[in-house]
Amino acid sequence: MQAENKDFNITTDLPINPHQWVSRYADYLYTYALSRLTDEELARDLVQETFLAALERADQFKGSSTEKTWLTAILKYKIVDVYRKKSSQFLHSTDSVSAEKQQEDFFDPDDGHWNVPHRPQAFGIEDQDPFTQSEFTHILQLCMKKLPALWLSVFTMKHMDEEDTDAICTALKVTPSNFWVIIHRTKVNLRACLQKNWS
Amino acid sequence: MGPLKKIQYNCRKATFLIEKKQLASLTLREKLELRIHLAGCSICRTFEKQSILINRMVKDMFTNSQHQQFTLDDDYKKQLQDKIDQQLNKN
């Protein structure tokens, strides 16, 4: 009986159901992409690319994870790809350089002391639940958007996805020592931006 | 100036170690250096508090954004499903 059943198609052949993908996962994947890229059009495109790539690779789906996990993994890979492209595009150009320049004033070049105008001052909300301060979160988001692409990519991968440091270095082509320099600079910069805009 | 004296006064190095500490483990020497620095530097103690706060906020932001669902509009979803169906029919 089974041998005769040759006309089965992709949907019955595999433990996936692409006819249901959009209704089941589109919003979830869109939210996932949007929270990492803050670009609606790009997030939308990536959802589409994810579904199409998944169809092409449907035979690789082994059913060892859920459909949702599998689709998310494909999307994640695409997001890292965007990070990589953005980062290399800007690697030697203006945004990292000017962000670094901006920081030259923060510390004394000789002894590493905070220069007086840049010394951290208390925000006044250090000991509270930050989510009672939605205005503060909003400023944080704006400050993150001002970061150089490479810095934001490193920062996001580390904090949002809690990726392994080595994996981030490989994906974004940065050395481990440069990774820590970027992590440090990003935070110094973010903190300064928060202080400047929070009053 | 000895190396420990140096870190005692070097806020750039101290803030670097504060960042590293939150994501990886410091060596014994680095731990010692940071402790000595922070004992005498209230500015970097403020920095550390704020750095931890920022990390917590960023984390919360991402967790929250997963509770808060964004939705694609229905037209786009329909187009998307059509594309998928087309692709399926090709096979």
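Author: A term to start with: buried means under 20% relative accessible area, and exposed means over 50%. Keep in mind that this is a predicted model.

Reader: What share of the residues in chain B is buried?
Author: Chain B has 91 residues. Those that count as buried come to 40%.

Reader: Which pattern does chain B follow along the sequence?
Author: Chain B has 5 helices and 0 strands. Read along the sequence, the pattern is α-α-α-α-α.

Reader: How many disulfides are there over all chains?
Author: The rule asks for two cysteine sulfur atoms within 2.5 Å. A:Cys143 and A:Cys193 meet it, with S to S at 2.0 Å. Over all chains, the count is 1.

Reader: How many residues apart in sequence are the parts that this pair ties together?
Author: A:Cys143 lies in helix α6 of chain A, residues 134-145. A:Cys193 lies in helix α9 of chain A, residues 176-197. So the pair ties together parts that are 50 residues apart in sequence.

Reader: Is the link of A:Cys143 and A:Cys193 left-handed or right-handed?
Author: Look at the angle about the S-S bond, which is -80°. The link is left-handed.

Reader: Are A:Cys143 and A:Cys193 buried or exposed?
Author: Both cysteines fall in one class. A:Cys143 is buried, and A:Cys193 is also buried.

Reader: Why is B:Cys44 not bonded to B:Cys41?
Author: B:Cys41 is in no disulfide, and B:Cys41 is buried at 9% relative accessible area. B:Cys44 is buried too, at 0% relative accessibility. A disulfide needs the sulfur atoms within 2.5 Å. The sulfur of B:Cys44 is too far from that of B:Cys41 for a bond, at 3.7 Å.

Reader: Which residue of chain B is in contact with A:Thr156?
Author: A:Thr156 is found in helix α7 of chain A, residues 149-159. A:Thr156 is buried, at 3% relative accessibility. Leaving aside neighbours within four places in sequence, its contacts in chain A are A:Arg36, A:Tyr83 and A:Asp161. From chain B comes B:Phe62.

Reader: Which backbone oxygen lies 2.5 Å from a polar atom of the A:Thr156 side chain?
Author: The cut-off for a polar contact is 3.5 Å between N or O atoms. At 2.5 Å from the side chain lies the backbone oxygen of A:Leu152.

Reader: How much area do chain B and chain A bury between them?
Author: The size of an interface is often given as the accessible area lost when the parts come together. Here the contact takes 47 residues from chain B and 60 residues from chain A. Carbon and sulfur atoms carry 71% of the buried area. The total is about 5,000 Å².

Reader: Which residues of chain B lose the most area to chain A?
Author: Together they make up 12% of what that side buries. They are B:Arg12, B:Leu23 and B:Met57.

Reader: How many salt bridges does the rule find across the interface?
Author: The rule wants a side-chain nitrogen of Lys or Arg within 4 Å of a carboxyl oxygen of Asp or Glu. A:Asp27 and B:Lys77 meet it at 2.8 Å, N to O. Across the interface, the count is 3.

Reader: Which helix gives the most to the side of chain B that touches chain A?
Author: α2 (11-23), α4 (42-67) and α5 (74-90) of chain B each supply at least two residues. With 20 residues, the one that gives the most is α4(B).

Notes. Residues numbered from 1 in each chain as written. Chains lettered and ligands numbered in written order. Predicted model: local features only at pLDDT ≥ 70, side-chain atom pairs only at ≥ 80, totals over all residues. Heavy atoms only, no water. Helix = DSSP H or I, 4+ residues; strand = E, 2+ residues; numbered from the N terminus. Buried < 20%, exposed > 50% of the residue type's maximum accessible area, 1.4 Å probe, protein only. Polar contact = N/O pair within 3.5 Å; in protein donor to acceptor, adjacent residues only side chain to side chain. Contact = heavy atoms within 4.5 Å. Buried area = accessible area lost by both parts, 1.4 Å probe.
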